[in-house]
Amino acid sequence: MSSRRELLLEEMGLTPLWRLRKGQADSGVSAAEAQEVPAAARRGTAAAPASPPIAIDADERSANIARMEWPELRASVAACTACGLRKTCTQTVFGVGDEQADWLLVGEAPGAEEDARGQPFVGQAGKLLDAMLEGIELKRGEDVYIANVLKCRPPGNRNPEAPEVAQCAPFLRRQVELIQPRLILAMGRFACQTLLDTDSSIATLRGRVHRYQGVPLIVTYHPAYLLRTLQDKAKAWEDLCFARSTMKGSH
Ligand code: URA
C-alpha cells in the first residue's frame, strides 16, 4: 500500500478495515451463485396522481427521457422543474465519472456541499467514499460513475418524497442505460429501497446480488451513516469485498 493511501485511510479512521487482504477479495459468492431478487418498477410511482391524463404525460416524459443521449439528458436534468426541489436548491447535481464505467455507485441526493459544487459526494461522506473506493483499488472517475437518486438537494437534507423520486427516476434509469455498468452499488437505505422497490432494511438486503434493470446490484450502508455508526464499517467493508468478487466473477 502506498504511504499516501495509508495516510488517507488513517486520517479517515479506516485502518485497518479498508484493506484488501490476500484471498479476501476473491472469496465471495459469485453473481451466479447468489440469490437474485427480480427488478421492480421504480419506487414512488404508486404515489403519482391516478388520473389518466397526468399518467399519460408521465409516461410520455419517461419515454422522451429514455431516448436521450448524454448531452440532451444533461441539459434536461439542468432544466428540470418537474418537482418543487429546483426552487430551493442551488443547482442540479447530474452525476460524475466514467460514462462507460463498470461500476455505478448510487446515493440518495445531494447535500449542502454537493449543492454548492454541483458534484455528488464531495463533502465528508464523499471523502469516506473515496477512501472506501481506494480500499478496493478503485478511483472516482476511473471505471466508476457516481450518481444519486435525486438530482436536486431536498431542503435541509430532508428525506426525498415519493413524487420527487417518481419525477427523477427516469433520469437515473437513462443514466444506467447509457453507462451499462456491470455492477451497481446502492448506498444507503433510501437508494436501496428505491432501486429495489422494497421496504426491506439494508440488513436484510445485504450479502445478495439483486438486479436493477437487469444489472447486478449490491447494497451497502451510506457513507454518511458510516461516519456516525463506526461499528457498521466492518459490514460495509464486507459489502465492498462482496461487490468486488461479484464483479470479478461476472467476467
Ligand atoms: N449523500 C448522498 O446520498 N449523495 C451525495 O451526493 C452526497 C451525500
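Searching the whole structure, which is a predicted model, turns up 2 cavities of 30 Å³ or more. The largest cavity has a volume of about 110 Å³. Its lining is made up of 15 residues, and those nearest the centre of the largest cavity are C80, C83, C152, C168 and F171. Two elements, helix 4 (85–88) and helix 7, each give two or more residues to this lining. Helix 7 contributes the most to the lining of the largest cavity, with 4 residues. Sorted by class, the lining of the largest cavity holds 9 nonpolar, 2 polar and 4 charged residues.

The largest pocket holds about 720 Å³ of space. Of the 31 residues that line the largest pocket, E108, N159, F190, H222 and A224 are the closest to its centre. Several helices take part in this lining: helix 5 (112–117), helix 6 (124–135), helix 7 (162–179), helix 8 (189–196) and helix 10 (223–228) each provide at least two residues. Helix 8 supplies the largest share of the lining of the largest pocket, 4 residues. By class, the lining of the largest pocket comprises 13 nonpolar, 10 polar and 8 charged residues.

The largest pocket is also where the ligand sits. Around the ligand are G107, E108, A109, E114, P120, F121, N148 and H222. Among them, E108 and H222 also belong to the residues closest to the centre of the largest pocket. The shell around the ligand counts 3 nonpolar, 3 polar and 2 charged residues.

At A109, a backbone N or O atom lies 3.0 Å from a nitrogen atom of the ligand. At F121, a polar backbone atom is 2.9 Å from an oxygen atom of the ligand. At N148, the side chain takes part: one of its N or O atoms is 2.8 Å from a nitrogen atom of the ligand. On its own, the ligand has 240 Å² of accessible area, and the protein covers 91% of that area.

Key:
Residues numbered from 1 in each chain as written. Predicted model: local features only at pLDDT ≥ 70, side-chain atom pairs only at ≥ 80, totals over all residues. Heavy atoms only, no water. Near = heavy atom within 4 Å. Polar contact = N/O pair within 3.5 Å; in protein donor to acceptor, adjacent residues only side chain to side chain. Areas by Shrake-Rupley, 256 points an atom, 1.4 Å probe, with all protein chains shown as cover. 1 Å grid on protein atoms, 1.4 Å probe; cavity = no way out; pocket = protein on both sides within 12 Å on 5 of 7 lines; lining within 4 Å. Sits in = over half its atoms within 2 Å of the grid points. Nonpolar A, V, L, I, M, F, W, Y, C, P; charged D, E, K, R; others polar. Points joined across faces, edges and corners; volume = space filled by probe spheres on them.
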